[in-house]
Amino acid sequence: MKKIILTSLFILSSFLIQAQNEIAPKIEEILSQLTLAEKVAMCHAQSKFSTKGVPRLGIPEIWMSDGPHGVRAEISWDSWDNAGWTNDSITAFPALTCLAASFQPSLAKKYGIALGEEARYRKKDVLLGPGVNIYRTPLNGRNFEYMGEDPHLASTMVVPYIQGVQQNGVAACVKHYVLNNQELWRDHINVEVSTRALYEIYLPAFKAAVQEGGAWSIMSAYNQYQNQFCSHNELLINKILKGDWGFDGCVITDWGAAHDTRQAALYGLDIEMGTGTNGLTTSTQNHYDNYFLAHPFLNMLQSGEIEEAVVDDKVRRILRLMFRTNMNPDRTFGRMNNVEHQQVARKVAQEGIVLLKNEDNFFPLDPNKKMTIAVIGENAFRPLTTGGGSSDLKPKYEISPLQGMRERFPNAVILHTLGYASGPPAYGRVIPSRYDVDSLRREALVIAKRADVVLFVGGLNKNHHQDCEGGDRLQYGLDFGQEELLRMLQDANENIGVVLLSGNAVAMPWLGRTKGLIQGWFLGSEAGHALADVISGDVNPSGKLPFTFPAKLEDNAAHHFGPLSYPGDSINQHYKEGILVGYRWHDTKKIKPLFAFGHGLSYTSFDLSAIQTDKKSYAPGEYITISCKVANTGQRAGSEVVQVYVGKTKSEVERAQKELKAFSKVMLEPGKEATVELQVGLDKLAYYDEKSSGWKLEKGEYVVYVGTASDKISKKVTISVK
Ligand code: GLC
């Protein structure tokens, strides 16, 4: 088997090298014909989402579009307004937190392929996603767009997504490189973090995206690192990204994230987008020739202050991007809003939904039973594919949870009322609800009292401060009076379940009197169908949390260290927790979370046995093979995620108790069992040594933790490294 894999890898790599070799001379040929002005023009925007080509030589423009969860509606040429097209409605896929929660890399591939086909059909050459910034605080407004708190999970899930997108001849643009872990002051905050945490926590998913995913472009973050903007950062781009990692694609700014011509020229920026040029606002009076990489750059080149070789490197990368996308004659044609895409959206939602609590087997509800279900909460029917900032979508349709319930429970009487209400979606502003809270609550209590079952559907809603770009959340608990309403509903009817739709952890003072709790993410076009699939038991939930739910905000590492740690002092910010992010903090400091990283229940039960490693001691360069038996000991089919964490007992440096190093999801029929085998390369146990500026594999004893959640470990196996 291994021989076949090696042979095919060799063929593939030689094909890729050959393809590369074919392109290189063409790039040189074009470069030799370009004027200096034409070269410079390719390095910056000509409109909100496009850059100039060279019509004289038949070189096309590059068209970009958001976002990570679907292709954004067409935007106007020179403003953020929608262009008002009538043929740009698309399939809205679940948010990336949901994809991460599936712990299923094969689904990430399907997701990327489907999304790439839609981007291709919409004639986009660069898709501005995925986002893989690490979940550091539950208040970050954009966590819903990312893949959680663990670098191994994010790295494993982002690679197939990128490969899927790019097989359509559309470039993924992995973002936001790097340390953009909050929205407050994002456009300038200077992040100070230990080099070890940078390499062990914040860089890995980007490194995997580039080296394994083969990302053709990457988007620089707004913030600064070591007092240099990420858009033109000598260490992050020239040394690490383009030097150490060998990135051969384009660095594209976040919109308006370039700040200096000389630095942009010399510190690795290739394409400048979204700069406001009249007094640095984002006014539509932008004049693209005044961009930092426009006339000011051309002047420096013409004066000889900057060598032409500098712009040539940028243009080579841009032309390479074109040969991979809009100048690739073999590119597919793409598809949009087809059944397969809708099925992928539903499947990802089904596999990412997490059953957090299920007392008295509250879930699933029996669709054949005549009963009255009170579905209470604005999120039961509020569109959630819209809002959130740049990942906003205009879907061809969106099935609401209420609609999903009505379709799947025809024998039930389903009552619905808002219960609570927020204002309309308004990026950057909070528009208060026009509803009277008391009347909403009175109405909710009436149907709660009458119902056999109460299903509260709440959470966040991608409004400003409610899981949205451009602002962080202002509180850890639910807003719009949901907590008070829940308490009243629990007084009225103890048979209550909660469905949270959000991209972040929340406080849960109402958890004790809640029998069933589902973490539903922003689930896209098929939201209502997927939720009803799980609530009815048609689908057995198998999602696992991609980030920790702390009981209270101060239990979270970033918040433990006070305001300089989060949100910073508006100029600087210090990631004082170092490598102890998320469960690394909770495990090591013994702070019990509400729900742990990797946690997720099922309608069946599983048992792990015969857990072992292939050897007791290993030499550098070897692999640890962990095997175990997984048995489905319940009455119905289901999937379980075997998780392997590794920790170092005694160490020369600070260590987290344990770190995720491998996982595998396995589907089993009732009564069946399977042997699962996972591999961990010894290089993955190395820590980043700041003294030697390199990775160091410590000798001695390690503990291999095998289980089905970070707080549900079945067995610990001690091994040693020679
Ligand atoms: C926004 C976002 C980025 C998005 C870009 C274009 O500011 O930070 O994720 O792709 O601008 O909309």
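The model is predicted. Glu469 is buried and sits in a loop. The second largest pocket lies between domain 2 and domain 4, because both give residues to its lining.

**Glu469**

- Glu469 belongs to the loop that runs between strand S14 (453-459) and helix H15 (482-492).
- Its relative accessibility is 7%, and since buried means under 20%, Glu469 counts as buried.
- A polar contact of 3.4 Å joins the side chain of Glu469 to the side chain of Arg142.
- Leaving aside residues up to four places away in sequence, Glu469 touches Gly141, Arg142, Glu145, Glu183, Arg186, Gly388, Gly389, Ser390 and Tyr427.

**Second largest pocket: space and position**

- The second largest pocket holds about 1,100 Å³ of space.
- Domain 2 spans 35-77 + 88-324 and domain 4 spans 604-721; the pocket lies between these two domains.

**Second largest pocket: lining**

- The lining consists of 32 residues, and those nearest the centre of the pocket are His152, Ser155, Glu212, Asp683 and Lys684.
- Elements giving two or more residues to this lining are helix H5 (151-166), helix H6 (195-202), helix H7 (204-211), strand S22 (659-668), strand S23 (673-681) and strand S25 (694-696).
- Helix H5 provides the largest share of the lining, with six residues.
- Sorted by class, the lining residues of the second largest pocket are 15 nonpolar, eight polar and nine charged.

How values were computed. Residues numbered from 1 in each chain as written. Predicted model: local features only at pLDDT ≥ 70, side-chain atom pairs only at ≥ 80, totals over all residues. Heavy atoms only, no water. Helix = DSSP H or I, 4+ residues; strand = E, 2+ residues; numbered from the N terminus. Buried < 20%, exposed > 50% of the residue type's maximum accessible area, 1.4 Å probe, protein only. Polar contact = N/O pair within 3.5 Å; in protein donor to acceptor, adjacent residues only side chain to side chain. Contact = heavy atoms within 4.5 Å. 1 Å grid on protein atoms, 1.4 Å probe; cavity = no way out; pocket = protein on both sides within 12 Å on 5 of 7 lines; lining within 4 Å. Points joined across faces, edges and corners; volume = space filled by probe spheres on them. Nonpolar A, V, L, I, M, F, W, Y, C, P; charged D, E, K, R; others polar. Domains from an automatic or database assignment.
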